[in-house]
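Let's take a walk through a protein model together. Have a look at the picture first, and then we will follow a few aromatic rings.

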Amino acid sequence: QVQLVESGGGLAQAGGSLRLSCAASERAFNNYNMAWFRQAPGEERELVAAINWSGVVTYYADSVKGRFAISRDNAKITVYLQMNSLKPEDTAVYYCAARSLTRTSYRYWGQGTQVTVSS
């Protein structure tokens with residue numbers, strides 16, 4: 001069982017920045033691919049960014065490409081999401097998720113952290 005705890009959400013102005021962190025409980029952190037999802041009110045949850053176990057391979061949704069950066073520190077068992085040039089449409093609850101290397105779906109989820117971007 002992997003427990004994930006997000007932090008770093010809050011209120012930002014359009015054009016501003018926020019950095020989300022997700023601390024994991026699993027020492028074998030490098031056995032997991034990690035991702036950030038978000039869900040806005042009335043919308044489905046969407047994949048924002050993902051990173052493989054080593055941190056070498058990353059994926060970004062088109063809507064955040066060039067503005068957001070995902071990274072991980074396996075020694076600190078933490079994954080980050082640096083969000084720059086924020087837009088009001090980035091407003092959502094952001095979730096951290098973990099997927100073991102042997103699975104195709106994300107099995108472990110954090111509780112979510114609210115990000116609100118004002119115009």
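Start with Phe37, which counts as buried at 12% relative accessibility; buried means under 20% relative accessible area, exposed over 50%, and partly exposed in between, with a 1.4 Å probe and protein chains only. Before going further, note that this is a predicted model, where local features need pLDDT of at least 70 and side-chain atom pairs count only at pLDDT 80 or more, while totals for chains, interfaces and linings use all residues. Residues are numbered from 1 along each chain as its sequence is written, and side-chain values use heavy atoms, leaving out hydrogens and water.

Now for the rings. A pair of aromatic rings is described by the distance of the centres and the angle of the planes. Rings of Phe, Tyr and Trp (its six-membered ring) pair if their centres lie within 6.5 Å; planes under 30 degrees apart count as stacked, over 60 as edge-to-face and the rest as tilted. The whole structure holds 3 aromatic pairs. In one of them, Tyr32 and Tyr108 have ring centres 6.2 Å apart and planes at 75°, so this pair is edge-to-face. Because Tyr32 lies in strand 4 (residues 32–39) and Tyr108 in strand 10 (residues 108–109), the pair ties together parts that are 76 residues apart in sequence. Tyr32 is buried, with a relative accessible area of 12%, and Tyr108 is buried too, at 10%.

Phe37 pairs with Trp109 in a tilted arrangement, 4.8 Å centre to centre with 55° between the planes. Here, too, strand 4 holds Phe37 and strand 10 holds Trp109, so the pair ties together parts 72 residues apart in sequence. Trp109 counts as partly exposed, at 32% relative accessibility. Phe37 and Trp109 form one aromatic cluster with Tyr106.

Tyr106 has another neighbour: the charged end of Arg99 sits over its ring, 5.5 Å from the centre. For this, NZ of Lys or CZ of Arg must be within 6 Å of the ring centre and within 35 degrees of the ring normal. Arg72 likewise lies over the face of Phe29, at 4.4 Å from the ring centre.

Finally, step back to the whole chain. What does the protein contain in helices and strands? There are 0 helices and 11 strands, where helices (H or I, at least four residues) and strands (E, at least two) are DSSP runs numbered from the N terminus. Buried residues make up 45% of the 119 residues.
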